[in-house]
Amino acid sequence: MKKLQGTFPFVAVLLGNTGVSLLGQTTSATPQAVSPYQLSMFAKAPAGLSAPDSVAVRGDHVFVGYGDGHAPDGSDGLSSQVAEYEMNGNLIHIYTVLGHNDGIKVDPTTNLVWALQNEDSNPNLVIINPETQVQTTYTFGPTPHGGGYDDIVFKGCEVYLSASNPLNNPNHGPAIVSAQISGSMVNVQPALAGEPSAIDVLTDQTIQLNLQDPDSMTLDTLGNLVLDSQADQELIIVSNPGTSAQQALRLPLTYQTSSGPKPVETDDTAFVTSSQGFLLFADKGLNMVFSLSRNAFMPGAAYTAADGGPFVGTLDMTTGVVTPVVTGLMAPGGMVFVDTSGENRGYQNRCRSSVSPARYSR
């Protein structure tokens, strides 16, 4: 695998009125970034594909999941695509996965690409080897929360999935599960309850949550799980998952309007691991993946795709306030920070075990 260093030649475009077409409908938007950010188009959706969402980086290649507007429970029997790009936006290969893709991550230990399908129900997992272009499909048993799985996080030798679209309200099932592959199956165990106790960041009080929309999930720069409970308009930060020291924090999300603070729904959040790099984010409505750059980022800073805005903004992890930096969007979603420093400054989440990672049965 190549290390990312220096700069990369992006597809340079003037981001005026896009006038793009999505699922037969023409839309009009003018994406623009505030100074000192620079916004450019990384890639348009390949012909016949639409609704780009999840974005993941493997060395100097980028993987983007296209949901194509298919049923999120896979009930239509249709397939989605995972497109592999070079860092300059050139399309290399398209993988087809059965169901509606909604989560893509790269296993930092094996460099395999994990793709989750059907976030509402009937989930499946496809693991892609980009070196051979071989795909392997894994299935799940009945889900303990009655829905599907949305996103993936690798932390050390463990893998966690967000348990999306819970069947019950209150949510008596798990909001996060740990996962292990055994044969052709993915076995899961609860990691965070759907009604957990948590400390509210703003009030410092212990409260009980009812997580009705566990969605995107990532790691912050300290290695904590950060879960977006999307429709609940809050982030849940989980430290020491799966241990007796596990703790959950709740961060409600808002943005400033002319009439005062307003709760806002967000999708992916990305944490900056180096001053050198750029953000990639997808907009399902505009059918594009964008690059957002500046001369230097603040290490540790958080950015989020506020689909309830809709905008991309900086996120203050102490107040929950999202400040727009890119507006004129339609449906921002998938987001990742691409570290071009060539140094390992972020949380090191590779499995250091001398045996196979815990996510695979021994």
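# Close-up views of a predicted model

**View 1. The disulfide of cysteine 157 and cysteine 351.** The count of disulfides comes to one, in a model that is predicted. The link is formed by cysteine 157 and cysteine 351, whose sulfur atoms lie 1.9 Å apart. The angle about the S-S bond is 85°, and the link is right-handed. Cysteine 157 belongs to the loop between β13 and β14, whereas cysteine 351 belongs to the segment after β31, so the pair ties together parts of the chain that are 194 residues apart in sequence. Cysteine 351 has a relative accessibility of 10% and therefore counts as buried, the cut-off being under 20%.

**View 2. The open sheet of eight strands.** Read across the sheet, the strand order is β9-β10-β11-β12-β16-β15-β14-β13, and the pairing is mixed. The edges are formed by β9 (101-106) and β13 (148-155), each of which pairs on one side only. From one strand to the next, the twist averages 30°. Within this sheet, strand β14 (residues 158-164) pairs with strand β15 (residues 174-182) over three bridges, in the antiparallel sense. Leucine 161 has valine 177 of β15 standing opposite.

**View 3. The surroundings of histidine 145.** Histidine 145 is placed in the loop that lies between β12 (134-140) and β13. With a relative accessibility of 4%, histidine 145 counts as buried, because the cut-off is under 20%. Leaving aside residues up to four places away in sequence, histidine 145 touches Ala163, Ser164, Asn165, Pro166, Leu167, Gly173 and Pro174.

**View 4. The open sheet of four strands.** The strands follow the order β5-β6-β7-β8, with antiparallel pairing. Strands β5 (52-58) and β8 (91-98) are at the edges and have a single partner strand each, so one side of each is left without a neighbour in the sheet. The twist from one strand to the next averages 20°. Strand β5 and strand β6 (residues 61-66) run antiparallel and are joined by five bridges. One of the residue pairs to inspect is alanine 56 with phenylalanine 63, its bridge partner in β6.

**View 5. The largest nonpolar core.** This core has 21 residues, and those with the most contacts inside it are Leu279, Phe281, Leu292, Val312, Val326 and Met335. At least two residues of the core come from each of β4 (38-44), β26 (277-283), β27 (288-293), β28 (302-306), β30 (322-327) and β31 (332-339). The most is given by β27, with three residues. Apart from this core lies another, of 17 residues, which includes Phe42, Val62, Ala83 and Val336. Phenylalanine 281 touches Leu39, Met288, Val289, Phe290, Leu292, Val312, Val326, Leu329, Gly334 and Met335, when residues up to four places away in sequence are not counted.

**View 6. Aromatic pairs, with phenylalanine 42 and tyrosine 85 as the example.** The count of aromatic pairs comes to nine. The ring centres of phenylalanine 42 and tyrosine 85 are 5.7 Å apart and the ring planes stand at 70°, so this pair is edge-to-face. Phenylalanine 42 lies in strand β4 and tyrosine 85 in strand β7 (residues 79-86); the pair links distant parts of the chain, 43 residues apart. Both phenylalanine 42 and tyrosine 85 are buried. Elsewhere, one aromatic cluster is formed by Tyr37, Phe297, Tyr303 and Phe337.

**View 7. Threonine 327 and its contacts.** Threonine 327 is found in strand β30 and is partly exposed, with a relative accessible area of 34%. Along the chain, threonine 327 and valine 34 are 293 residues apart, yet their C-alpha atoms are separated by 8.5 Å. Residues up to four places away in sequence not being counted, threonine 327 touches Thr30, Pro31, Gln32 and Phe311.

**View 8. The hairpin of β23 and β24.** Strand β23 (residues 254-257) and strand β24 (residues 260-263) run antiparallel, joined by four bridges. The hairpin passes from β23 to β24 through two residues. Threonine 257 stands opposite glycine 260 of β24.

Methods: Residues numbered from 1 in each chain as written. Predicted model: local features only at pLDDT ≥ 70, side-chain atom pairs only at ≥ 80, totals over all residues. Heavy atoms only, no water. Pairing = 2+ DSSP bridges. Axes fitted to C-alpha atoms, helices over the stretch in contact; angles between N-to-C directions. Core = buried A, V, L, I, M, F, W, Y, C linked by side-chain atoms within 4.5 Å. Buried < 20%, exposed > 50% of the residue type's maximum accessible area, 1.4 Å probe, protein only. Contact = heavy atoms within 4.5 Å. Disulfide = S-S within 2.5 Å. Phe/Tyr/Trp six-rings, centres within 6.5 Å; stacked < 30°, edge-to-face > 60°.
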